[in-house]
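Here's a friendly walk through one protein model. Have a look at it first, then read on.

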Amino acid sequence: MHGLIRRRFWPKPSSSPFQPLNGYRTQSPIPILGPDLPDIWDSRNAPPLLFHRRLPSPATDVAGDSVAKVIDGKSIAEGLRSEIAEEVRKMRHSTGNVPGLAVIMVGKRRDSESYVRFKTMACREVGINSHLVQLPEDCVDDEVVRVVSKFNLDPSVHGILVQLPLPQHMMEEKILSAISLEKDVDGFHPMNMGNLALMGRDPLFIPCAAMACIELLLRSDVEIMGKRAVVIGRSKVVGLPTSLLLQDPSCEYGYRLTGDVCYEEALEVASAITPVPGGVGPVTIAMLLSNTLDSAKRAYGFN
Ligand SMILES: Nc1nc2c(c(=O)[nH]1)N[C@@H](CN(C=O)c1ccc(C(=O)N[C@@H](CCC(=O)O)C(=O)O)cc1)CN2
């Protein structure tokens, strides 16, 4: 199942995607990007679909009835990891090689340390080799670029990621651009981001959290095609790529900046929701494994 996201998601719809908005407040036919939160609304005839960071689950209406379907990211991620582990096993069996992921972390942020720990644990679970390089907070751009360049040349490494955010004195753009396009499993390289933005050009990799949102919808049997979507948040990591993935290729599109969603009102109209923890996060990490596996398959010509 894994690795099918792009193929399943990109087909063009036969008609205009923008349907009348049955009573919902937002009338814009374009993605709305606001503050840095990875939220999505999806509405047509059903109540909108909502991903939210701080949501109790399941949401209830005034009568105490459950109104939102809780999408279980933890079990979806488990399923993805077992599919990936099986493919890694097949790759090892027929080529003698397994995928390799290099993770570079600068400084000692506790949140970044946790994410990196989850990533390396997930690699181990599915049989992907991971290499972790930790650099001091006060190192300079060129030291990070040097480490990136070393992994660019290492044929046993198929994916390279630099954990963000970097310390303030560093030039993120310069460092992310140094990652080989073919190993940019985070999809943050300007060329991969640019190809994602230019509909019809296939990026080699798509940012993992955005892919996770789509995978959660697909694996929960939520129809995407032709729906209206509102994405709140415009970060490079989640909001922007998610809004690009939800663009309908046949329509005119653009962005409008706006404020955050009214949380209490959104609760009342959400039809499905991801819990925290156990929502987008574990699937995001599964998508990183999936991208690394795809990269290794490309490198070994294995399918
Ligand atoms: N090189 C990267 N750096 C960073 C990334 C990234 O994808 N690549 N993303 C974040 C940190 N991060 C992973 O590294 C990450 C953070 C949060 C989530 C997430 O989806 N969280 C959920 C809550 C957790 C859950 O559902 O269990 C949420 O916010 O709704 C995913 C990935 C910055 N740095």
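Predicted model: local features only at pLDDT ≥ 70, side-chain atom pairs only at ≥ 80, totals over all residues.

Numbering starts from 1 along each chain as its sequence is written, and side-chain values use heavy atoms, with hydrogens and water left out.

Let's start with the record. UniProt, in an unreviewed entry, lists residues 71-186 as "domain: Tetrahydrofolate dehydrogenase/cyclohydrolase catalytic"; such annotations may be inferred rather than shown by experiment. In the model, that span is 52% helix and 16% strand, and its end C-alpha atoms lie 24 Å apart. Helices here are DSSP runs (H or I, at least four residues), as are strands (E, at least two).

Now the sheet. Three strands make an open, parallel sheet in the order β6-β5-β7, and strands count as paired if DSSP finds at least two bridges between them. At the edges sit β6 (129-135) and β7 (159-162), each pairing on one side only. β5 (residues 100-106) runs parallel to β6 over seven bridges, and Leu-101 stands opposite Ser-130 in β6.

| Lysine | Ring | Distance from ring centre |
|---|---|---|
| Lys-150 | Phe-151 | 4.7 Å |
| Lys-236 | Phe-188 | 6.0 Å |

A charge counts as over a ring if NZ of Lys or CZ of Arg is within 6 Å of the ring centre and within 35 degrees of the ring normal.
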